[in-house]
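Here is a short report on one protein model. Please look over the sequence and the structure before reading on.

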Amino acid sequence: MNECHEESDRASSRLTEQGAIAREAGRLRTASLEQLFEADPERATRFTFSAAGITLDMSKNLIDAQALRQLMDLASRRQMAERIRELIAGAPVNNTEGRAAAHTALRLSEPVEFAAMARSVSERIDDYVRRVHSGNRCGYSGRPFTRVVNIGIGGSDLGPKMVASALQAHTAHLDTRFVSNVDGADIATALADSDPETTLFVLASKTFTTQETLRNAQTARSWLRGAAGGRDIDSHFVAVTAAPERAGEFGVAPDQVFPMWDWVGGRYSFWSAIGISIALRFGCEAFADLRAGAAEMDRHFADTPLERNLPVLMGLLGVWYGNFFGAQTQAIIPYAHNLRLLPSYLQQLEMESNGKSVTRDGKPVAGATAPVIWGDAGTNGQHSFHQLLHQGTHLIPVDFILPLTNPASPEGHQPLLVANCLAQSRSLMTGKDLAQAKREFIDSGCSDAEAQALAPAKVMPGNRPSNLLMMDRLTPKTLGALIALYEHKVYVQSVIWDINAFDQWGVELGKQLCGDVLAAMSGDETAVFDTSTNTAITQYRALQSQSENNTK
């Protein structure tokens with residue numbers, strides 16, 4: 001069969017499978033979730049799955065066993081089980097850059113060659129962290145370190161920062177601050193209450209050329225030099241990079257440079273030496289527990305049949321809503337204040353991974369890919385964007401994330417938090433009909449005519465889908481499992497859409513143009529852009545000139 005016929009057959013197969021799933025979506029689009037529960041008393045049990053300390057209740061979704069079978073058939077046709085094995089085995093699944101995406105090797109003992117490198121660096125980190133905690137590694141004045149400032153951006157910032165916030169209730173050895181933005185207010189805030197004698201900086205940059213990170217690192221070095229009065233400040237800098245020679249040129253001592261590798265993407269990197277700030281804050285044991293929880297989810301992903309596989313189920317639900325219901329966004333709502341940074345972390349994980357418009361062989365994708373990820377901690381969101389979830393015109397699937405207990409919570413808080421989460425999940429499903437709304441107005445003293453006129457404004461259609469992800473409590477292990485669950489969900493969706501989840505060429509264009517714009521801002525008259533950009537540059541230069549004249 002020639003190439004044209006093969007492509008035609010593939011296209012025909014895609015149309016057939018999409019048609020079958022589209023028919024299921026059409027059937028369920030007007031179904032009532034409450035009626036689905038009434039028709040199947042075992043629905044909650046049938047659509048609840050557990051692994052690695054995480055329980056997924058997907059029963060409040062617009063799906064039934066028949067539709068799920070069609071989605072599972074789609075996963076099988078995409079050779080999902082084989083593609084999962086390739087990922088775990090370290091195959092070059094990142095086809096545009098010709099390399100593996102072996103972040104699971106940072107948690108598992110396979111593939112052997114990658115896991116051995118990871119273990120060697122992990123042992124070095126453990127030794128360094130214990131020396132810092134014991135006071136054997138200290139600052140220029142001989143005082144022990146009390147604060148770590150992590151300087152990085154993207155995956156070198158979002159992951160460690162999210163974990164530091166999530167495990168806030170865990171015992172901390174050192175205080176931590178995170179600096180990412182090149183806006184000088186970011187590092188100024190971090191340094192404002194820091195003591196130069198006891199502050200350790202972690203410079204996290206894969207290439208050690210990232211503009212934001214280098215500018216912030218230079219500011220940190222100047223700040224230290226100004227305080228040290230000529231004393232050696234080398235002990236105050238640790239670097240995590242795939243370019244150790246550049247870290248050395250900056251002035252980081254060789255024994256304080258920890259490697260990372262091109263087979264670990266930035267958004268998957270906090271499991272690597274990028275996570276050293278996590279170990280410095282919480283200790284080596286907590287960092288090991290974080291990875292152990294992720295490893296347990298990795299094993300579940302690799303070994304569990306697709307129909308009971310949490311990442312596969314969540315990934316297919318995302319495809320279901322994005323490609324067959326027209327959902328363009330996904331809300332992440334953790335009912336845990338310490339998980340408030342999780343939506344920002346997942347924005348990078350999902351949107352940088354699957355925000356693609358061509359397939360692995362360079363052809364336009366057949367439909368939508370990654371949704372816009374957003375959210376906030378409950379119960380805060382209930383007083384802002386939940387209005388849109390309940391009565392807006394958009395279909396927005398929601399992931400509610402709920403640690404059931406919190407030993408650190410004051411008396412009376414956790415039951416109220418749990419009740420709010422469960423109430424939101426249920427109310428999105430049930431809604432409120434016109435008769436209920438009218439009755440509430442009448443009960444509040446309105447006349448029948450007033451109630452009839454006002455009731456439509458209080459109607460909530462319900463039938464809004466949600467997942468409920470529960471854990472007994474938020475610990476390093478359950479956090480690790482939760483993050484690995486979302487990592488693998490993203491990969492599942494990339495397989496369905498036939499895209500590469502592990503490159504990020506869209507990040508590069510703005511960086512490339514920044515150098516030219518910066519030159520024009522400095523007076524390079526040869527750099528000419530569109531009139532909008534040129535006008536903004538002219539305004540900037542005028543203000544800079546005015547500022548310089550005022551200081552003379």
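## A buried serine

Leaving aside its neighbours within four places in sequence, which residues is S180 in contact with? They are G152, I153, D157, D186, E212 and N216. Contact means heavy atoms within 4.5 Å. S180 sits in the loop between β4 (175–179) and α8 (184–192). Its relative accessibility is 14%, so S180 counts as buried. Buried means under 20% relative accessible area, exposed over 50% and partly exposed in between, with a 1.4 Å probe and protein chains only.

The model is predicted: local features need pLDDT of at least 70, side-chain atom pairs count only at pLDDT 80 or more, and totals for chains, interfaces and linings use all residues. Residues are numbered from 1 along each chain as its sequence is written, and side-chain values use heavy atoms, with hydrogens and water left out.

## The five-stranded sheet

β4 belongs to an open sheet of five strands. The order is β4-β3-β5-β6-β7, and the pairing is parallel. Strands (E, at least two residues) and helices (H or I, at least four) are DSSP runs, numbered from the N terminus. Two strands pair if DSSP finds at least two bridges between them. β4 and β7 (257–259) stand at the edges with a single partner strand each, so one side of each has no neighbour in the sheet. The twist averages 20 degrees from one strand to the next. Axes are lines fitted to C-alpha atoms, for helices over the stretch in contact, and angles run from 0 to 180 degrees between N-to-C directions.

β5 (199–204) and β6 (237–241) pair in the parallel sense over four bridges. L203 stands opposite A239 in β6. Two helices lie across strands of this sheet.

## The six-stranded sheet

An open sheet of six strands runs β1-β2-β11-β10-β8-β9, with mixed pairing. At its edges stand β1 (48–51) and β9 (372–375), each with a single partner strand, so one side of each is left without a neighbour in the sheet. Neighbouring strands are turned by 20 degrees against each other on average, direction ignored.

β10 and β11 run parallel and are joined by seven bridges. F400 stands opposite L468 in β11. Helix α14 (342–354) lies across β8, β9 and β10, at about 175 degrees to β9. α19 lies across β2 (54–57), β8, β10 and β11, at about 155 degrees to β11.

## One cavity

How many cavities of 30 Å³ or more are there? The count is one. A cavity is a set of points, on a 1 Å grid over the protein atoms alone, where a 1.4 Å probe fits but cannot get out; lining residues have an atom within 4 Å of a point. The largest cavity has a volume of about 190 Å³. Of its 21 lining residues, L317, G318, Y321, Q330 and P397 are the closest to its centre.

α13 (310–324), β8 (329–334), β10 (398–405), β11 (466–473) and α19 (476–497) each supply at least two lining residues. The largest share, five residues, comes from α13.

## An exposed histidine

H383 lies in the loop between β9 and α15 (386–391). Its relative accessibility is 71%, so H383 counts as exposed. H300 is 83 residues away along the chain, and the C-alpha atoms of H383 and H300 are separated by 37 Å.

Technical notes:
On a 1 Å grid over the protein atoms alone, a cavity is a set of points where a 1.4 Å probe fits but cannot get out, and a pocket is an open set with protein on both sides within 12 Å along at least five of seven lines; lining residues have an atom within 4 Å of a point. Grid points are joined across faces, edges and corners, and a volume is the space filled by probe spheres set on the points.
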